[in-house]
Amino acid sequence: LSVAYRVPPARKIGSRKSDTKKWQSAMQESRIHSVAKKWGRYAFLLNVHFVVPYVKMVHEGGRDVKRLCYDTILPDRVVSVHFGDDPRWPDVIVYEHQDPQGEVPFVVENQVTRPAYVSLDSTGWTYFNKHWKPLEFRPHGAGDKIHVPCRVTEGQPNDFWDCTRGRKLVTSTLETQRIWAAMGYVRKGQNRKLVTLFSPSLDSVPDQQVLAPEAALVAEAEAVDFSIHDFSQSIEHFEREIRFRFEVVAESYGIPSSLIDISSGANDTANTTPQGLARSHSALAEIRDQQIEHLREFEHNLAYRTALVMRGAGHPMAVDPDRVRDEFEVVWPPLTFTEHPLVQLQVAAEKMKLGMGDHATVYQEFHPWLTAEQAQERVMEHIRKRNEFNQHLAEHNQAVDPREEGETIAARQGRVGGQATPEASDGAEEMTDNE
């Protein structure tokens, strides 16, 4: 469901390549491409969570270096405190400490103490022990709030956490597990069959008989009717109910129910036709666009706070926060349409014929995590290498077409000439040596 970060977006700072290169190096250092996927999933499932940039000192290559990192604070271990007028961004957060920065335990009054809670505001981190006694204050030097809320919905008025959203998803998840457990219980005991004996009169059955699994029951065969009842339940009944719950939840989020497939043998072809694919693509694109609308604001706030923290910590890759605030740009690639690679190439070629793109834009469609400048540089590098390769083939009298590898140009010309029609051969005039 969280498809916004399935392919990493391209992040850059204005048109100055030096700032963009430094920023991309810092992002690669923080592994933002991998952690952002978790941010998208958490935001969809938990409605709101916080992302905090920080710089820590690590020992690499025999020396201490500063590294940019991000701490993800989930709503199950944080309390938000609002003082200002912005209901969407708390002024202070207090959360359980889970040693995200890898710092050594605090030494207070010659005793080693590990922090249990942390309070974060616009000035820095305040650490507390399990008895809420302050241990130490560490400024972050940003001069602003750095705990950035991440969400993909607008939320409800006067409800920062949007507590009611996702209730159907949670309820259906629990109900699905209950149905799954019942299915396993029934499947385990359904190999038992029930033997019954029916008689319109008890006179045909002698008295004082012992009813036990291993004991025989005596009765007059002509006066009684024996039957075997099979109480086996097909697994399809349980799958049908689970699928129904999935479809209800999916449709509540705007996801086509035809995308739900819980069995490998499903014969639902609603999503395999071109019309079904188009409808599914359109619905998923609408959900993704709604997420991107909120994530773009989140990315901008996070980038600005990251620049403030990097500058306050003296990170070597720090970029001017004002430039980041004014010129930061994040671009999400188009939603990938499920197509055969040959079809994608044909569509790309048609776009270039109609002037809807060039080699760089087509290359960027296949590599959406690259910026336009990076895509253009790679295309130019491929062209340079291809020219060198073509020159080498020409010097050795080899064909350029990879399907004709090893065939000389003269052999290719002879083969093509041999395939000409007799009419074309008869009508051709001989050429002189000068010609």
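Is Trp132 buried, partly exposed or exposed, and what is its relative accessible area? Trp132 is partly exposed, with a relative accessible area of 45%. Here, buried means under 20% relative accessible area, exposed means over 50%, and partly exposed lies in between (1.4 Å probe, protein chains only).

The model is predicted: local features need pLDDT of at least 70, side-chain atom pairs count only at pLDDT 80 or more, and totals for chains, interfaces and linings use all residues. Residues are numbered from 1 along each chain as its sequence is written, and side-chain values use heavy atoms, with hydrogens and water left out.

Strands (E, at least two residues) and helices (H or I, at least four) are DSSP runs, numbered from the N terminus. Two strands count as paired if DSSP finds at least two bridges between them. Strands of a sheet pair through backbone hydrogen bonds, either parallel or antiparallel.

Tyr127 stands opposite Glu136 in β10. Trp132 lies in the loop between β9 and β10. Its phi is near 65 degrees, a positive value in a residue other than glycine.

A further open sheet has three strands, in the order β3-β2-β11, again with antiparallel pairing. Strands β3 (63-73) and β11 (148-150) form the edges, each pairing on one side only. Neighbouring strands of this sheet are turned by 40 degrees against each other on average, direction ignored. Strand β2 (residues 49-60) pairs with β3 in the antiparallel sense over eleven bridges. Tyr54 stands opposite Cys69 in β3.

The loop between α2 (32-46) and β2 contains Asn47. Asn47 is not a glycine, yet has a positive phi of about 75 degrees. Most residues other than glycine have a negative phi. Asn47 is buried, with a relative accessible area of 5%.

Strand β1 (residues 10-13) and β14 pair in the antiparallel sense over four bridges. Ala10 stands opposite Val331 in β14. Side chains alternate along β14 (residues 328-331). Phe328 and Val330 point to one face and are buried.

How values were computed
Axes fitted to C-alpha atoms, helices over the stretch in contact; angles between N-to-C directions.
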